[in-house]
Amino acid sequence: MTTGAFDELRRRLGEIDDLSRAGALLAWDQQVMMPPRGAPLRAEQLATLRRIAHDQFISPEIGRLLEELEPLEAEYEYDSFEASLIRVTRRDWEKARKVPSDLRAEMSRASALALPVWVEARKNNDYAAFLPALRENLDLRQRYIECFEGQFAEPYDALLDDFERGMTAAQVRVLFDYLKENQAPLVKLVADADNPEPPANRAFRIDLQKQFELEIVRRFGFDDQSWRLDPTVHPFASASGSQDIRITTRYFDDNMEGLFATLHETGHGLYEHQVDPALERTPLGTGVSLGVHESQSRMWENLVGRSLPFWRHFFPRAVELFPEALAGYDLDRWYHEVNAVRPSLIRVEADEATYNLHIILRFELEQELLDGSFPLESLPEEWNRRMWDYLAIEVPDDTRGVLQDTHWAIGAIGYFPTYALGNLISAQLWEKVVADLPGIDEEFERGEFGSLREWLRDHLHRHGRKFTPAETLERAIGATAIDPEPYVRYLRQKVGAIYGI
């Protein structure tokens, strides 16, 4: 009886996952390969897939199977595949069934249509051109929030929960208040420190940057048979399965900032690559939350990719590839440059000490957008004012201001906080990594990253979405709560050593 129901549930979930992954592949193609004029038809294709997948998932038949399987869930261990699949599917189904399929499809369609509008508006510094698409996305999110009347304490919680299950805006504010109190003063402390600008007119050949990046990420675990790396406007990662990992990046011919975007997306890719294959084609076969996901991207980008042991190995190779651009550099000067604390306009290029302030700004603005605290026409002015308040930077144009991120174009309101949550989680994980792998610095100096990769697989990645984010964190480090202190401690130690403070 119940075992047959379980097999039927798994079959149905497999088909739904196939549709969702096909949609993700079309979305990847839109941002990487698709001719620009394909956007209107692609929007309809994505909306159709989203509507069909949503219809199938919220069907009464799924509800009937979950009800029939309730006794089976109790028979299995909590950690088992069977109990986890039933438990997680029920939670997802209870939320999803409150959302009409037509609304889900329209949200997908509007996001796909807004993306090319944002690309052009960003290129042309034309916020007014993007405004109608932003308004449409915001209106649709308001309608989405209304589907959960009385379920969440604040409207923003309904969106945040999609990215960080169980997290609330109130909890995020507590963490961010701690960061404002303890991280912002650190930025001010080094504001007057010796922080020379990089030499002007340096040239880093893009073909050699690509070569260098691939040499590095192959050491991390990038496999040419399962991965690909492509350029795009705004870097992102996508996965159609554990053996189909697609990461993207962008390049600049006068600096190597693109390297850190590539390391960031590789962290995302490794997480998806190392989820237990037995979980594929189910709701369990992906990362548990965006906060935990971002902990992986930020870890590989910063705690690994900006570390001194990492550059002890790779700096000589960088000099080989870019001898003119790095003329006069030694390891210490380069390490200082890639870790310089220097308030900047662009979030994805921000240093570790200022990055969270970029996120707090966006988190606060998103809540006010939902509350209607100011007209959408005034968003650039609100953005620019907060950039001055938090980072003492004047924003010269909207391209480097309110139009810099893709998230509001694709309707991902509620995503931004997870970047800062990821920073905090990465430091918590790192303290456990260092305790368990005391020789990790020496391994990095030899260009070896397998021990870290396997530790993450065993303690974190393999679980996928079997557990809640808090339960997943507990299995990795023994703590369930996100704690900002390890990250602040890490920053103080690192920045203090670099700047002698």
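A quick word on the model: it's predicted, so local features need pLDDT of at least 70 and side-chain atom pairs count only at pLDDT 80 or more, while totals for chains, interfaces and linings use all residues. Residues are numbered from 1 along each chain as its sequence is written, and side-chain values use heavy atoms, with hydrogens and water left out.

**Aromatic pairs**
- The count comes to 29 aromatic pairs, taking rings of Phe, Tyr and Trp (its six-membered ring) with centres within 6.5 Å.
- One of them joins phenylalanine 176 and phenylalanine 363, at 5.2 Å centre to centre with 85° between the planes; that's edge-to-face (planes over 60 degrees apart).
- Phenylalanine 176 sits in helix H9 (residues 169-182) and phenylalanine 363 in helix H16 (residues 352-371), so this pair ties together parts 187 residues apart in sequence.
- Phenylalanine 176 counts as buried, at 2% relative accessibility.
- Tyrosine 355 and tyrosine 419 are edge-to-face too, because their planes are at 75°, with ring centres 6.4 Å apart.
- Tyrosine 355 belongs to H16 and tyrosine 419 to helix H18 (residues 417-436), so that pair links parts 64 residues apart in sequence.

**Helix packing**
- Helix H12 (residues 257-273) packs with helix H13 (residues 290-304) at about 135°, their axes 7 Å apart.
- The contact (heavy atoms within 4.5 Å) includes Phe260 and Leu263 of H12 and Val292 and Trp300 of H13.

Technical notes. Axes are lines fitted to C-alpha atoms, for helices over the stretch in contact, and angles run from 0 to 180 degrees between N-to-C directions. Helices (H or I, at least four residues) and strands (E, at least two) are DSSP runs, numbered from the N terminus. Rings of Phe, Tyr and Trp (its six-membered ring) pair if their centres lie within 6.5 Å; planes under 30 degrees apart count as stacked, over 60 as edge-to-face and the rest as tilted. Buried means under 20% relative accessible area, exposed over 50%, partly exposed in between (1.4 Å probe, protein chains only).
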